[in-house]
Amino acid sequence: DDSSRVYFADHIHQTTSWDDPRLPSSADASAPKYQRDFQRKLTYFRSQPEMRLRKGKVNIDIRRESVFEDSFERIMKLSGEEVKQRLNIRFDGEEGLDYGGVAREFFFLLSHEIFSPAYCLFEYSSHANYTLQISPRSNINPEHLDYFRFIGRVIGLAIFHQKFVDAFFVTSFYKQILGMEINLEDMESVDADVYKNLQWVLDNDVDDLGSVFAVDDDQFGVIVEEDLIPNGRNVAVTNDNKTDYVDLLVKWRVVSRVQEQMQAFLSGLFDIVPRSLLSIFDDREMELLI
């Protein structure tokens, strides 16, 4: 149409629709509703002008022995228009045309590098060792925010060029991308023990427990007491305020400690994929998209 949005024409019945009639939503009524909904959203998402491939191509030359460093240097120099041209990934010393396979391998290798806990940017959750979360200790690297913006761009590139990232994140990570509210249930995938303790607080009498609105934070072996509210270390947790205590502790544990890193990541992601387009998905669909 005039705004460059794709629509579909049924010439037999002389009708038009925004939904692709080939999708399970109309072609297979037995498909699960959740799958049909996601497919409709995905078709709409990829049909938008912001998600269309630009003319031209951009060469990204990478050495296998330094995938992280070379990718960071190259990708961070690309403009917003260049990243939306066809990617031509070339590994040093390996001649050949990239018909998609090389790009898939590139994103596979790069995701293993950038999400490796060895770089202290991400860490495994205590709930399951295959889900990742941002490390609150990433500031041990003085350039960590530049790296998070780079990682956001990498995921944006993968989404735009329809490649997959070989990594899975805690639920709260996807929800923060979408600006969704974080709650106690999200803590379970971050730290199952903390989740159980906080659930116990909600379910039991805590007037005589001696807890306060503060938390001990282990910062490289040094225990630092952090207030959850002003002067929180002197405010007792009671049955009347324990819900507030649980909410504040969850937000501190999941959001506040990694807020700078998350904002840097989002700035890189939204450089390529508009926030408004991603907002049509929920957190489960974001996981499928990435």
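Two residues are in contact here when they have heavy atoms within 4.5 Å. Helices (H or I, at least four residues) and strands (E, at least two) are DSSP runs, numbered from the N terminus. The model is predicted, so local features need pLDDT of at least 70 and side-chain atom pairs pLDDT 80 or more, while totals for chains, interfaces and linings use all residues. Residues are numbered from 1 along each chain, and side-chain values use heavy atoms, without hydrogens and water.

Let us start with helix 5 (residues 144-160) and helix 10 (residues 259-272), whose axes come within 7 Å and cross at roughly 35°. Axes are lines fitted to C-alpha atoms, for helices over the stretch in contact, with angles from 0 to 180 degrees between N-to-C directions. Among the residues that meet are Phe148, Ile151 and Ile155 in helix 5, and Ala264, Phe265 and Leu269 in helix 10. By class, this contact of helix 5 with helix 10 has 11 nonpolar, 6 polar and 4 charged residues. Ala, Val, Leu, Ile, Met, Phe, Trp, Tyr, Cys and Pro count as nonpolar, Asp, Glu, Lys and Arg as charged, and the others, Gly among them, as polar.

Now move on to helix 8 and helix 9, whose axes come within 9 Å and cross at roughly 165°. That makes helix 8 roughly antiparallel to helix 9 (the term covers angles over 145 degrees). The contact of helix 8 with helix 9 has 7 nonpolar, 1 polar and 2 charged residues.

Definitions and conventions:
Parallel < 35°, antiparallel > 145°, perpendicular 65-115°, else oblique.
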